[in-house]
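Morning, everyone. Please look at the screen, and I'll walk you through one structure.

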Amino acid sequence: MDLHLTADQATPDERAAVDHELGAPQSGWSGGVRDMEADGRTSLSGQGARAERHRLLPALHAVQAHIGWISPGAINYVSSRLNIAPAEVYGVASFYGMFSLTEKPAAVAHVCDDIACVARGSEGLCKELETALGPAGSPCMGGRAVWQRSECLGLCERAPAALVSVAGKNPAERVLAPASADSIQSLLKDAVEGRLPREPDTLSTELSLPQAGSPELRLLRRVGTTNASEISDYQKHGGYEALSKALDLGPDGVIREVGASKLLGRGGAAFPTAKKWEALHLQRDLLRKNPKRRHYVICNADESEPGTFKDRVLMEGDPFAVIEGMTIAGLATGAQKGFIYLRGEYPLAGERIAHAIAAARRKGMLGGNILGRGFLFDIELRRGAGAYICGEETALFNSIEGYRGEPRNKPPFPTQAGLFRQPTVVNNVETLVNVPEIIREGGAAYAKVGTENSAGQRLFCLSGHVARPGVYEFPMGITLRQAIDQAGGVAGNGRLQAVLLGGAAGAFVTPQELDTPLSFEGTRAIGATLGSGVIMPFDDSVDLKQILLRISAFFRHETCGQCVPCRIGVVRQDEALHRLVDGKTIGSAKDELNCVREMGQAMRDASICGLGQTASSAIESALQRWELFGSR
């Protein structure tokens, strides 16, 4: 490609950051020093460089981590290294919330002000920080630090939460949850002075897993009871027994057991897992005949739904279970390569997963001859960069491939043309962790737990006004009331006003609906959804209008802007809610409410992906159940 670069030059530190990620440039055509003797007599097609485009996001992460922002010079250098037009590099960098295209201090405190943290006092915390450090986004501590408000950080059980990061030669991150204004200031000072703790976080079962050690646990039984860093400890507690059995069963046998288990996806869509896998398995003849054809398995670990944190706890506390589940999926689908797409705000989970991948390779559980059985499968970890939309599977493909995380039209479906336009299976973390359990005990035995149409155990994320927030494991079909009681009951003032079920894309339910079974069919019967497993109670001291405003602001911020119904709809929805809350309606309140519902219907009917289709779900459910604005 004939690249047209601006005059901006990358600094030596920016070049070093990129080269550390991509390796040294091989010629002047790829960002190296121009050698006319070597480069001037060679004509290159650029195909090899373009094939490396999937390394764009890691390269941008490297610049952000080491420099603290992505300058025009850095964009030019990344562009020359990967043979991508600077405008495209800029378009990708500007898409993701974790990348900054304007210079900022090296030390940054990201303070969550999303709904779970609001219920636990984040607004008061932010006001204290404003008093002590100045407005959000303004440099403090002599210009060496800054604090800013953040979308949900996935630390809802420990709310209020913050994440402090510092850029430099030795970039570091540290989670602070629960956080206070004083503790944030103290940690920010440590970041400025280069004294952030080496470990990005610690997994406390007391704070995150109140059921730890219970004999009734299956998916969570190893979390907090085994060493998450030791593959030998994982094996002592049943790890890799399922993979050995899966190799004996073969692909057909594995798919048969997963089908018998009735396992539905745990990410929100509830699609039958075996059907996805079978769709790739049925293409095995095409795979054998075409040496260029590939099948892929992707673990969607971009858990960004406000109120959701179960996958984070699984990855931090039992990472080898994720690896084993993916490996079995690879066996069943004929894939030799898998990707874990990890939420960018999960530093400890990233460390644990990376360590688990390396340990599994050393132990012969990943690579070219797994368990000495001639089975080839390997996994690569990719880190997201702060875009909720990348939880949508086709947006995730684009992100891995080095593009803006915008969804694709369907069909073709991922099992036909997914990552790199090859057949791909996508499952979330919890779904994959179920797989070793199914293979070890048998699909029929697994299906006996739960209800007829919602089999197995399910993880729920309880936060907000509950006495003991955390991840809980229950059999499908337990009631909402029982789940809240297991978490110690309603906290705050003890008077329950509402429960957000399924996350920001879910639905609000009333205290009169607490006896609803937590199953796919049970929640569907009341017009709600299990979604990502969020259960977030609010006591009657909470202003639900403000919660709705925060949800509408979240979707307004997170829309990718690709399709008109969502791009315009989430903005108009947010504006209408602000008018209703401020009492400045256009026409009557009833007219505005009708407008909100009409926009919601338009987004459901015409948006390209699930973000737009569910952006009004929680808001409309609240408007239907309560007379918040004098009318329903």
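Let's begin with one residue. Gln422 touches Lys292, Arg293, Arg294, Tyr296, Pro414, Gln416 and Ala417, leaving out residues up to four places away in sequence. Where does Gln422 sit? Its place is in the loop between α18, residues 393–401, and β10, residues 424–428. Is Gln422 buried or exposed? The relative accessible area of Gln422 is 19%. The cut-off for buried is under 20%, so Gln422 counts as buried. Keep in mind that this is a predicted model.

Now step back to the whole chain. How many helices and strands does the protein chain have? There are 27 helices and 15 strands. Along the principal axes, the C-alpha atoms fill a box of roughly 80 × 60 × 45 Å.

What about burial? Of the 632 residues, 59% count as buried. The protein chain exposes about 24700 Å². Carbon and sulfur atoms supply 49% of that area.

Next, contacts along the sequence.

On to helix α19, residues 429–441. How many of its 13 residues are buried? The count is 11, so α19 is largely enclosed by the rest of the structure. The buried ones include Val429, Leu432, Val433 and Ile438. Glu430 and Glu437 are also among them. Just after α19 comes Gly442, with a positive phi of about 100°.

What does α19 pack against? One partner is helix α12, residues 241–261. The two axes come within 9 Å and cross at roughly 95°. Angles from 65 to 115 degrees count as roughly perpendicular, so that is how α12 and α19 are arranged. From α19, the contact uses Pro436, Ile438, Ile439 and Arg440. From α12, the residues include Glu241, Lys245, Leu249 and Val258. By class, this contact of α12 with α19 has eight nonpolar, one polar and four charged residues.

Here is another helix pair. Helix α4 covers residues 56–67, and helix α6 covers residues 86–93. Their axes come within 11 Å and cross at roughly 70°. α4 and α6 are therefore roughly perpendicular to each other. Which residues meet? Leu56, Leu57 and Leu60 in α4 meet Val89, Val92 and Ala93 in α6. By class, the contact of α4 with α6 has six nonpolar residues, no polar ones and no charged ones.

A quick reminder about helices in general. An α-helix has 3.6 residues a turn, so residues three or four places apart point the same way.

Last stop: His355, which lies in helix α17, residues 347–362. The relative accessible area of His355 is 34%, so this residue is partly exposed. What does His355 touch? Ser229 and Arg362, again leaving out residues up to four places away in sequence. Arg221 is 134 residues from His355 along the chain. How far apart are the C-alpha atoms of these two? They are separated by 21 Å.

That's the tour. Over to you for questions.

How values were computed:
Residues numbered from 1 in each chain as written. Predicted model: local features only at pLDDT ≥ 70, side-chain atom pairs only at ≥ 80, totals over all residues. Heavy atoms only, no water. Axes fitted to C-alpha atoms, helices over the stretch in contact; angles between N-to-C directions. Helix = DSSP H or I, 4+ residues; strand = E, 2+ residues; numbered from the N terminus. Parallel < 35°, antiparallel > 145°, perpendicular 65-115°, else oblique. Contact = heavy atoms within 4.5 Å. Nonpolar A, V, L, I, M, F, W, Y, C, P; charged D, E, K, R; others polar. Buried < 20%, exposed > 50% of the residue type's maximum accessible area, 1.4 Å probe, protein only. Areas by Shrake-Rupley, 256 points an atom, 1.4 Å probe, with all protein chains shown as cover.
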